[in-house]
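Please keep the sequence and the model open side by side as you read.

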Amino acid sequence: MAVAGSPEIGPTAMRASSALENVGSEELSHVATQAHPEQVVGKLREADRLLSEGSELPEVLKHLEIAEATYHRWRNQYGGMKADRSQHR
């Protein structure tokens, strides 16, 4: 029985709302956030160090917790910058 003026909630809406209630903070921790240029330069510098020590790229990306596409985008965008110059971009 629906109350006048309020929409009737069906099973689909109930499933969607209960699914959101059950999302834990661990699952939300993987939400993408934009890194600051100084952080990007630091991660690229660390990637260079790990690669020069003989680590494979997939290993380095896992350590840095970034996707390969992100690594290449950052390398193209920030490649030759020093940490202090990245603030003025």
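## About the model

This is a predicted model, in which local features need pLDDT of at least 70 and side-chain atom pairs count only at pLDDT 80 or more, while totals for chains, interfaces and linings use all residues. Residues are numbered from 1 along each chain as its sequence is written, and side-chain values use heavy atoms, with hydrogens and water left out.

## Overall fold

The chain has five helices and zero strands, so its pattern along the sequence reads α-α-α-α-α, where helices (H or I, at least four residues) and strands (E, at least two) are DSSP runs numbered from the N terminus. Of the 89 residues, 18% count as buried; buried means under 20% relative accessible area, exposed means over 50%, and partly exposed lies in between, with a 1.4 Å probe and protein chains only.

The chain exposes about 7,300 Å², and carbon and sulfur atoms supply 53% of that area (Shrake-Rupley method with a 1.4 Å probe; for residues, only the protein chains shown count as cover). Taking contacts (heavy atoms within 4.5 Å) between residues at least 6 apart in sequence, 50% join residues at least 24 apart.

## The nonpolar core

Which residues make up the largest nonpolar core? There are twelve: Val 40, Val 41, Leu 44, Ala 47, Leu 50, Val 60, Leu 61, Leu 64, Ile 66, Tyr 71, Trp 74 and Tyr 78. Helices H3, H4 and H5 each supply at least two residues of this core, and H3 gives the largest share, with five. A nonpolar core here is a set of buried Ala, Val, Leu, Ile, Met, Phe, Trp, Tyr and Cys residues joined through side-chain atoms within 4.5 Å. As background, nonpolar side chains in soluble globular proteins tend to be buried together.

## Helix H4 and its surroundings

Helix H4 spans residues 57-64, and its Val 60, Leu 61 and Leu 64 are buried. Seen down the axis of H4, the buried residues fall within an arc of 100°, so they line one face of the helix; the arc is that of the directions from the helix axis to the C-beta atoms. On the other side of H4, Pro 58, Glu 59 and Lys 62 are exposed. The cover over the buried residues of H4 includes H3 and H5. Just after H4, Glu 65 takes a positive phi of about 60°.

Leaving aside neighbours within four places in sequence, Val 60 is in contact with Ala 47, Leu 50, Leu 51 and Ser 55. Leu 57, also in H4, is in contact with Leu 51, Glu 68, Tyr 71 and His 72 under the same exclusion of neighbours within four places.

In the loop between H3 and H4 sits Ser 55. Is Ser 55 buried or exposed? At 19% relative accessibility, Ser 55 counts as buried. Not counting residues up to four places away in sequence, Ser 55 touches Leu 50 and Val 60.

## Salt bridges

How many salt bridges does a search of the whole structure find? The search finds three, a salt bridge being a side-chain nitrogen of Lys or Arg within 4 Å of a carboxyl oxygen of Asp or Glu. In general, side chains of opposite charge can pair when their charged atoms come close.

Glu 46, Arg 49 and Glu 53 are linked in a network of salt bridges. Glu 46 pairs with Arg 49, their closest N and O atoms being 3.8 Å apart, and Arg 49 also meets Glu 53 at 3.1 Å, N to O. Because Glu 46 and Arg 49 are three residues apart in helix H3 (residues 37-52), about one helical turn separates them. Glu 46 is partly exposed at 26% relative accessible area, Arg 49 is partly exposed at 40%, and Glu 53 is exposed at 54%.

The remaining pair is Asp 48 with Arg 75, whose closest N and O atoms are 2.7 Å apart. This pair links distant parts of the chain, with Asp 48 in helix H3 and Arg 75 in helix H5 (residues 68-78), 27 residues apart. Asp 48 is partly exposed, with a relative accessible area of 37%, and Arg 75 is partly exposed as well, at 22%.
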